[in-house]
Amino acid sequence: TTDVFGNYVIQKFFEYGTPEQKRILAEQLVGDVLRLSLQMYGCRVVQKALEAVSVDQQVLLVGELKNHVIKCVEDQNGNHVIQKCIERMPSDTIQFVIDAFRGQVHRMALHVYGCRVIQRLLEHCPHHQLTPIFEEINRGILHLAQDQYGNYVIQHVLEHGRPQDKMAIADVLRTQMVMACTHKFASNVMEKALVCGNEELRRVLIGAAIGDPSDPNPPILTFMRDRYANYVVQRMLELAQGGQRDLLVIRLKSQIGMLKKFTYGKHIVSALERIQKGQSLAPYALADPHHGQHTHTH
């Protein structure tokens, strides 16, 4: 199972063997699951076993990982096994993963592998099971949103979280509007909030960007010429509705001369021109070399 070639043979047995062969093969892994999970080729065999065997055998195999969850999560091989547990096992059988994360959520969200495991939990576990996870995330929204790994966790809460968690994130983004829009990682969180939020949440965030009509220097003026925030402005143009959209267009059009002088402003000029022609501003139409993040899989 730990051989560079032999592990593929074992994987094929788990893939194409009879249920009885799979059961007998899985029994051979018992007692060795932790060691295999931390090994480059062994972790692939454990993952394949988790895909192939019954729930009872899954529970038997991962029982060996219960007191070593964080060790596995922080390991370049072991994290894949924990992710596979979350993806392939009934949520009530992986409570041990959530228990291991108590008090560690913030630190794990900032970790290259830990952030991926939290994302899998958010995707596959019911909200009531994730209450302690949400509570710890909510205590560090601002820090996580600005982190190269933590921002993915906040984006996942916006996609998979409870309504109150989404509002908690929106409140932080609204009060930290300029930072959030002009930050390399937090600007992705802002875009996600606009895309995944309900109409009220969008209205609040876009309203904060437009600012008070009497304000000669609203946040939107800063955003238009910023290398990250200009993408947020494009997203606002795409998603704003009714009078708010009209106000946003008026604010931007009044600055069109200045916008044409800036590399990032030109993206917004193009978006305004498409609006004028009645063309769609669907996500694929946005000028988005952005910061590489939307094509980055985690």
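The following dialogue explains how to read several features of this predicted model.

Biologist: Which conventions apply here?

Modeller: This is a predicted model, in which local features need pLDDT of at least 70, side-chain atom pairs count only at pLDDT 80 or more, and totals for chains, interfaces and linings use all residues. Residues are numbered from 1 along each chain as its sequence is written, and side-chain values use heavy atoms, with hydrogens and water left out.

Biologist: How many helices and strands does the protein have?

Modeller: Helices (H or I, at least four residues) and strands (E, at least two) are DSSP runs, numbered from the N terminus. The protein has 22 helices and zero strands.

Biologist: How is a pair of packed helices described?

Modeller: One gives the angle between their axes and the distance between the axes. Axes are lines fitted to C-alpha atoms, for helices over the stretch in contact, and angles run from 0 to 180 degrees between N-to-C directions. Here, the axes of H7 (residues 78-88) and H10 (residues 114-124) cross at roughly 5° and come within 9 Å. H7 is therefore roughly parallel to H10, a term for angles under 35 degrees.

Biologist: Which residues of H7 and H10 meet?

Modeller: Contact means heavy atoms within 4.5 Å. Among the residues that meet are Ile-82 and Ile-86 in H7, and Val-117 and Leu-121 in H10.

Biologist: Is Arg-139 buried or exposed?

Modeller: Buried means under 20% relative accessible area, exposed over 50%, and partly exposed in between (1.4 Å probe, protein chains only). Arg-139 counts as exposed because its relative accessibility is 66%. Arg-139 lies in the loop between H11 (131-138) and H12 (141-145). Across the protein, buried residues make up 50% of the 298 residues.

Definitions and conventions. Angles under 35 degrees count as roughly parallel, over 145 as roughly antiparallel, 65 to 115 as roughly perpendicular and the rest as oblique.
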